[in-house]
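The paragraphs below go through the pairings and then turn to a single loop residue.

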Amino acid sequence: MTDYQRIELGAIGEWRNHYGGFRPTTSRDGRRVVDHEVDMQYIGLTANSFVPGEEAGYWHSHAQLEELYVFLTGRGEMGLDDDVVPVGPGTAIRVGQGVMRTWRAVPDSPEPLTWMCIRAGGVELEHYPSDATRDEKRPSPW
């Protein structure tokens, strides 16, 4: 058996229909904790959607994890310590350990703010992966 899993996140416009979170008390509309649905070892992923004007309503930081926010649609802002940074389609923001963060969809966003948050921690990634194996002679399957 090959070690992979496939999951359908659905069209971005459907992400708001998900309800989820890390705990029942912090679950909300527009959040899907993908790593609770597939077997992930070293990374985590959430798929998120805020309607215009919606905000997280809290700040948080991580002591060990770093996060990468990749924004896909809409317009919003992230609070990062003392800074407010605009975000929109194509924006990627890496947030390191100890940085306080919060986010919102601006009220005049033309569509929902959707993004993926990728979490990782543990060991530092090598600049050039040393565990990769290439097979130049294996034919493409198509």
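In strand β10, the bridge partner of Leu-68 is Ile-118. The pair belongs to the antiparallel pairing of β5 (residues 66-73) with β10, which has 7 bridges. Strands here are DSSP runs of E with at least two residues, numbered from the N terminus, and two strands pair if DSSP finds at least two bridges between them. This is a predicted model, in which local features need pLDDT of at least 70 and side-chain atom pairs count only at pLDDT 80 or more, while totals for chains, interfaces and linings use all residues. Residues are numbered from 1 along each chain as its sequence is written, and side-chain values use heavy atoms, leaving out hydrogens and water.

Strand β10 (residues 113-120) also pairs with β4 (residues 43-50), antiparallel over 8 bridges. There, Thr-46 has Cys-117 as its bridge partner.

An open sheet is formed by 3 strands in the order β7-β6-β9, with antiparallel pairing. Its edge strands, β7 (83-87) and β9 (101-105), each pair on one side only. From one strand to the next the twist averages 20 degrees, with axes fitted as lines to C-alpha atoms and angles running from 0 to 180 degrees between N-to-C directions. Strand β6 (residues 76-80) is joined to β9 by 5 bridges, and Gly-76 is partnered with Ala-105.

Ser-27 sits in the loop between β1 (19-20) and β2 (28-29). Ser-27 counts as buried because its relative accessibility is 19%, the limit being under 20% with a 1.4 Å probe and protein chains only. Beyond its neighbours within four places in sequence, Ser-27 is in contact (heavy atoms within 4.5 Å) with Tyr-19, Gly-20 and Gly-21.

Technical notes:
Helix = DSSP H or I, 4+ residues; strand = E, 2+ residues; numbered from the N terminus. Buried < 20%, exposed > 50% of the residue type's maximum accessible area, 1.4 Å probe, protein only.
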